[in-house]
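Keep the sequence and the 3D view open side by side.

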Amino acid sequence: MLDIQKIRADFPILSEKVNGKPLVYFDNGATSQKPQIVIDAIAKYYQEINANIHRGVHTLSQLATDAYEISRVKIQHHINAKFSHEVLFTSGTTHGINLVTNGFASILKPGDEVVVSSLEHHSNIVPWQMLCEKTGATLKVIPMNENGELIIEDFDALLSEKTKVVTVNHISNALGIINPIKYIIEKAHAVGAAVLIDGAQAVPHLKPDVQDLDCDFYAFSGHKMCGPTGTGILYGKEEWLNKLPPYQGGGEMIKEVTFEKTTYADLPHKFEAGTPNIAGGIVLGTAVDYLNNIGFDNIQEQENALLAHATKRLLEIEGLKIYGTGKNKASVVSFNIDGIHPYDIGSIIDKLGIAVRTGHHCAQPIMNFFCIPGTIRASFSFYNTIEEIDTMVEAVKKAKTMLS
Ligand SMILES: *Cc1c(COP(=O)(O)O)cnc(C)c1O
């Protein structure tokens, strides 16, 4: 078992007070907190090696370039990519997805189909809609059931030789449901479709193995896994990244430029135009090391205990309904109380120092499915405690009394 108090001491913000109360941070699905080692590594970069990368012959530029590329290799090993040039630095999941949808604009034709799931975050819906509008392809949606699970037979029925891309999230941000992506990838490949997995909510909880999954693309953000904001990774299979055109033009991404014609750099630089978030990319590696030192088995054990306790305690409250009751779940509880707007509960418990997310969680289609304006979402990390959950439950009860 983890020594949670020792781990909490790594995160300075966890000992802060909010509204005069000890902070209970249950908005990890929106962004995680950062350990001191990550905060220090950002300062260390700017204090000791700040320089532009891949350009200068001078020593600092070499040091910065080495640190950036070492981080890329670290992340390659973390997700078990075959080559480090399949690991692209991005500003986050949204950037990674848009890079792919932009590339497919030159591949899709009218009549082609793109399959997305009904559990997606807006950032894995809207770019595909824009792509379909541009190309004349059609968007198809895998439906969900009352438990918040994808209906797999309906997915099977959507697939045909017209299907060119299938995209789903690994774990739903709004409900915490873990999708059967291995099955989805295998079935999609059987009809020749490419598969993009939105791993934004998975990487804080597990170590994806992109070769075992055999996905074509896997996108995630650094800031939800203890890393800095403005960082992310797009993994793409070499053959796909070679096939797709560059996303942005500029410095870094070229081989040779004349006014007649420009040739593009090799992977990964073809997709990394301009000066990137150098500090962020390096420090994302620090965050990955931090999580691996704690160990994903330990992380899951703690988070599963938190999920079980929160589910049990919340259901003691009369009129409380949990959305996303499928059995394969990450440490997220999305709920409402009969007759009370989620925003009102969120505001009251905020006064008690408890940070939860209320609203549609960038997943309006899910809220429409359940015919609700939104939910209260408590999303837990390994550094949260059973006592914090009890504090939240008491606060929710108090809010309910005040509002009914
Ligand atoms: C947070 C999130 C995104 C978007 O990530 P950004 O860091 O905002 O780019 C996409 N998909 C899911 C499932 C998410 O949770």
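L2 has a relative accessibility of 18%, so L2 counts as buried. Buried means under 20% relative accessible area, exposed means over 50%, and partly exposed lies in between, with a 1.4 Å probe and protein chains only. This is a predicted model, in which local features need pLDDT of at least 70 and side-chain atom pairs count only at pLDDT 80 or more, while totals for chains, interfaces and linings use all residues. Residues are numbered from 1 along each chain as its sequence is written, and side-chain values use heavy atoms, with hydrogens and water left out.

L2 sits in the segment before α1 (4–8). Helices (H or I, at least four residues) and strands (E, at least two) are DSSP runs, numbered from the N terminus. Which residues touch L2? Leaving aside neighbours within four places in sequence, L2 is in contact with I7, I294, N298, I299, Q302 and F382. Contact means heavy atoms within 4.5 Å. L2 and K327 are 325 residues apart along the chain, and their C-alpha atoms are separated by 24 Å.

Move on to the loop between α2 (36–49) and α3, where H54 lies. The phi of H54 is near 60°, a positive value in a residue other than glycine. H54 has a relative accessible area of 29%, so H54 is partly exposed.

Next comes helix α3 (residues 59–79), which holds Q76. Is Q76 buried or exposed? Q76 counts as buried, because its relative accessibility is 10%. Beyond its neighbours within four places in sequence, Q76 is in contact with A81, K82, F83, S84 and V87.

N80 lies in the loop between α3 and β4 (87–90). N80 is another residue other than glycine with a positive phi, near 55°. Its relative accessibility is 32%, so N80 counts as partly exposed.

Now turn to the ligand. The residues around the ligand are G92, T93, T94, H121, S123, N173, D198, A200, Q201, S221, H223 and K224. A residue is near a molecule or strand if one of its heavy atoms lies within 4 Å of it. By type, this shell divides into one nonpolar, nine polar and two charged residues. Here Ala, Val, Leu, Ile, Met, Phe, Trp, Tyr, Cys and Pro count as nonpolar, Asp, Glu, Lys and Arg as charged, and the others, Gly among them, as polar.

A polar side-chain atom of D198 lies 2.5 Å from a ligand nitrogen atom. For H223, a polar side-chain atom lies 2.8 Å from a ligand oxygen atom. On its own the ligand has 380 Å² of accessible area, and the protein covers 86% of it. Accessible areas come from the Shrake-Rupley method with a 1.4 Å probe; for residues, only the protein chains shown count as cover. A polar contact is a pair of N or O atoms within 3.5 Å; within protein, one must be able to donate a hydrogen and the other to accept it, and residues adjacent in sequence count only if both atoms are side-chain atoms.

Look next at helix α7 (residues 181–190), where I181, I184, I185 and A188 are buried. Seen down the axis of α7, these buried residues fall within an arc of 100°, so they line one face of the helix. The arc is that of the directions from the helix axis to the C-beta atoms. An α-helix has 3.6 residues a turn, so residues three or four places apart point the same way. The cover over the buried residues of α7 includes α6 (152–158), β7 (163–169), β8 (194–198) and α8 (210–213). On the other side of α7, E186 and A190 are exposed. Just after α7, G192 takes a positive phi of about 85°.

The last stop is the loop between β12 (262–264) and α10 (278–294), which contains P268. A cis peptide bond joins L267 and P268, with omega about 0°. K270 has its place in the loop between β12 and α10. K270 counts as buried because its relative accessibility is 8%. The side chain of K270 reaches the backbone oxygen of L241 at 2.8 Å. A polar atom of that K270 side chain also lies 3.2 Å from the backbone oxygen of N242.
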